[in-house]
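Please look over the sequence and the model shown here before reading on. The report that follows is written for a reader who is new to protein structures.

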Amino acid sequence: GLSTMRKQQKHVSKTANPKTRSANRKISIEISSPVQGMGFYFLNFAHSFLTRSSARPRLLFTFHVDCKLFSYSAAQPRNPDQDLSHLVVDNHMPIPTRMGSFLIHRPVSGLICGQFKKLPAARTRRVHVRTYLGYDPIPIKKEYKVLCMSLSRTYPKISEEHQVLTLETGKLFWRMIECSLQRCPESGGICINGVLYYSAYQDNLFGVVQNFIVICFDVTSEKFKSLEINLTCSSTLINYKGRLGAIQFDSVGFYSGRTTSLGLMVLDDAEQHKWSKKTYILRPFWKNLGVDTRLNVVGMTVKLYMFSPSILSDPFYIFYYDAERNTTVKVRVQGIDFVKNQYIYTFIDHAEDVKP
């Protein structure tokens, strides 16, 4: 209940890592739109200009309770095998927010959770919006951009009022941009080599979802284009060895006890809309892993797919799947304060601030 959540929140605050209070020169962001007294938040993310090391990626676990965001991290195993039975996380300072529930997006190029600086209100009166974070890796720019769009009020749902905000030290403002793709964007997205990808779909007057595609947003040129892809339902987008990958399980976007196969589609040529596809048949031992909640693919490390539950449990486990060998490693994550029935978000390849 609520009292239990508050106890957990109080406990986490006492054990928070004091080092997270002293990061230098931070810019943090929050998207806010004053619609019916509510705010919209794009949380991920304070950016420190300290040197970041991609050679030392970390796992990031986050969830929110009673208007606070809790985050934990651990060194990302390079070669998980049967000898790796557990990980111990570091506990970071909880971050106050003004909403009790929100979608937590994946970190982008080193942006991490931190204190918030209010951004100008997005130019919309709509209650439902989608927000994405992209990074322009061109050396002379190296800019972070926030893409925001509203959703139409009636079916068929489409995206409208597309606007962009560039994160910089000067004055922040939204710029309206053109987008002719009349699709409804899904939450979440992934930025790879300066291109932001997110899935979108068409629906009909009855709200029935159909015809999935992937939309590309070039962070530099701020232009949109679509990628035709044969998806039967929502999928998880991942970075597959520097290319875009899309994961599906038996025509659903997550793993459950009845799942028998993992389907991977990899973008080989964006101009020609060419994809390669692999299907992996999951062996029966998946059913004996002791998982009573659905699992999401959160990414790929070298050659292993990482799975994580969507609901926090005690004990809490993550899983590494070797598709070529068809083997699975179960790893217990220790040190996360337990809150019953709480959604938890897990991310890979998180780059924390490190000293030169």
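The text below goes from the whole chain to one strand, then to a core and to the salt bridges.

This is a predicted model, in which local features need pLDDT of at least 70 and side-chain atom pairs count only at pLDDT 80 or more, while totals for chains, interfaces and linings use all residues. Residues are numbered from 1 along each chain as its sequence is written, and side-chain values use heavy atoms, with hydrogens and water left out.

**The chain as a whole**

The chain has 1 helix and 25 strands, where helices (H or I, at least four residues) and strands (E, at least two) are DSSP runs numbered from the N terminus. Of the 356 residues in the chain, 53% are buried; buried means under 20% relative accessible area, exposed means over 50%, and partly exposed lies in between, with a 1.4 Å probe and protein chains only. Among contacts (heavy atoms within 4.5 Å) between residues at least 6 apart in sequence, 57% join residues at least 24 apart.

In strand E3, 8 of its 8 residues are buried. In a regular strand the side chains alternate between the two faces of the sheet. Both faces of E3 are covered, with Arg-58, Leu-60, Thr-62 and His-64 on one side and Leu-59, Phe-61, Phe-63 and Val-65 on the other.

Two strands pair if DSSP finds at least two bridges between them. E3 and E4 run antiparallel and are joined by 8 bridges, and Val-65 stands opposite Lys-68 in E4. These two strands form a hairpin with 2 residues between them, and Asp-66 in the turn has a positive phi of about 50°. E3 also pairs with E25 in the antiparallel sense, over 4 bridges, and here Leu-60 stands opposite Phe-347. Strand E25 covers residues 345-350 and includes Tyr-345, which is partly exposed with a relative accessible area of 21%.

**The largest nonpolar core**

A nonpolar core is a set of buried Ala, Val, Leu, Ile, Met, Phe, Trp, Tyr and Cys residues joined through side-chain atoms within 4.5 Å. The largest one holds 23 residues, and those that touch the most other members are Leu-59, Phe-61, Phe-63, Phe-316, Ile-318, Tyr-320 and Ile-336. Strands E3, E4, E22, E23 and E24 each supply at least two residues of this core, and E3 gives the most, with 4 residues. Leaving aside its neighbours within four places in sequence, Ile-318 is in contact with residues including Leu-59, Phe-61, Met-306 and Val-331.

**Salt bridges**

A search of the whole structure finds 7 salt bridges, each being a side-chain nitrogen of Lys or Arg within 4 Å of a carboxyl oxygen of Asp or Glu. Three of them are listed here.

| Salt bridge | Closest N and O atoms |
|---|---|
| Glu-271 and Lys-225 | 3.1 Å |
| Arg-243 and Asp-268 | 2.6 Å |
| Lys-303 and Asp-322 | 4.0 Å |

Glu-271 lies in the loop between strands E19 and E20 and Lys-225 lies in strand E16, so this pair ties together parts that are 46 residues apart in sequence. Glu-271 is exposed, with a relative accessible area of 61%, whereas Lys-225 is partly exposed at 31%. Arg-243 is in strand E18 and Asp-268 in strand E19, so that pair joins parts 25 residues apart in sequence. In the remaining pair of the table, Lys-303 is partly exposed, with a relative accessible area of 41%, while Asp-322 counts as buried at 6%.
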